[in-house]
Amino acid sequence: MIKSQIIMALASTLLLTSSIVCAEATKTDKSSSVFHYEPFAIGYWQNFKNSATSAMRLIDLPDQYNVVTIAFASVSPNGNVKFTLQGPPYKAMPDGLARFKDDIKTLQHHGVKVILSLGGMNSYFRVDDEKKANNFLLSLEKIIDEYGFNGVDYDLEGDLNRTITNHLLDVTRTLLSDFSQKGKHLFITLAPEAIDVNWQISQGKYDPLISEDLIDAVSVQLYNTSCKRSFKPRSPCYSPGTQDFIVSQADSTIQTWRKRGIKNPESLYVVGLAATKKAANSGYASPDVVKNAIKCLKTGTQCASYKPTKTYPELGGIMMWSVNWDAKNNYKFLNELSD
């Protein structure tokens, strides 16, 4: 169960040190912060059944996570957002919905942000006109109010063209403004696939959203992808699941963001990981590989063949897909990272 104590975001492993602490320990209210300089330990909780399914209440999650992302809400063709609680054990409880909402409050009381992810692999959406954008905004605001979510994660794995991006920009600005007037800062994250922040294309699909300084964290999925080159000339193609892949992709994206004028690029970048080999089709990296990669990025030591352009002591943190897959494996990934 979430405890009233210091939340160590993967402790010495990720060098995310004691800056991650729960609200009770610090006696401060983080709800008004933009969070740019706090390392994140983000875990996705599956609101659906698959082979990783376990009866996991939110209050049973390990203390290391300071952001819990509920995956997923769906978006209809007309832009309306819909969230139906499906994840066990809540679905089977007579009072499951009430328990779920209470558990969200419990996590929040201990300084954990609980946000709602939109999209995912099976829910492509196209907010490509004003009517859809308005439906999207109004329905999303109702869900945030009903459940008390701290914010929203955009997990857009389909097409993201300029028209959709412009509408999402307008929606996100309005969303932040509306809740700011209620005294609440919304926490907004992105979860792009590796190819969608690729410096080899003219502009990463998410860059217009990121460059407007509306986003608190970008969890780049460094799995389910093919080999990728770095931004350095004559770069080899690094294989997913290796230390060089993690370091080269983070370095290349952060440097490209910096050149494009994106603010605080290293603190925005969150390393997205698969918790087990079964959690992704490819790209699983063992805890030892991840530990060395993070240390290389943050301190310039423990590097393999790829050396980052500079060190990133304020690297945004890690994201794990998913807490359910890790629980299925007795939290072996999380525990080994925390050693």
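Just after helix α7, Gly 261 takes a positive phi of about 85°. The model is predicted, with local features requiring pLDDT of at least 70 and side-chain atom pairs pLDDT 80 or more, whereas totals for chains, interfaces and linings use all residues. Residues are numbered from 1 along each chain as its sequence is written, and side-chain values use heavy atoms, leaving out hydrogens and water.

Helix α7 itself covers residues 243-259; its 17 residues reach 24 Å from the first C-alpha to the last, close to the 24 Å expected at 1.5 Å a residue (the expected span being 1.5 Å times one less than the number of residues). Of these 17 residues, 15 are buried, that is, under 20% relative accessible area with a 1.4 Å probe, protein chains only.

One partner of α7 is helix α9 (residues 287-299), packed at an angle of about 35° with the axes 8 Å apart. Axes are lines fitted to C-alpha atoms, for helices over the stretch in contact, and angles between N-to-C directions run from 0 to 180 degrees. The crossing is right-handed, meaning that the near helix is turned clockwise from the far one by less than a right angle. Contact (heavy atoms within 4.5 Å) is made by Gln 243, Ile 246, Val 247, Ala 250 and Asp 251 of α7 with Val 289, Val 290, Asn 292, Ala 293, Cys 296 and Leu 297 of α9. By class, this contact has eight nonpolar, two polar and one charged residues.

A second pair is formed by helix α4 (residues 130-147) and helix α5 (residues 162-181), which pack at about 35° with their axes 10 Å apart. The crossing of α4 and α5 is right-handed. Among the residues in contact are Phe 136, Leu 140 and Ile 144 of α4, and Leu 168, Val 171 and Leu 175 of α5. The residues of this contact divide into nine nonpolar, two polar and four charged.

The 18 residues of α4 should span 26 Å at 1.5 Å a residue, and its end C-alpha atoms are 26 Å apart, which agrees. Its buried residues include Lys 132, Asn 135, Glu 141 and Tyr 147. Elements covering the buried residues of α4 include α5, α3 (96-109) and the strands β2 (67-75) and β4 (113-119).

For the chain overall, there are eleven helices and eleven strands, assigned as DSSP runs (H or I, at least four residues, for helices; E, at least two, for strands). Of the 339 residues, 58% count as buried.

Methods:
Ala, Val, Leu, Ile, Met, Phe, Trp, Tyr, Cys and Pro count as nonpolar, Asp, Glu, Lys and Arg as charged, and the others, Gly among them, as polar. Buried means under 20% relative accessible area, exposed over 50%, partly exposed in between (1.4 Å probe, protein chains only).
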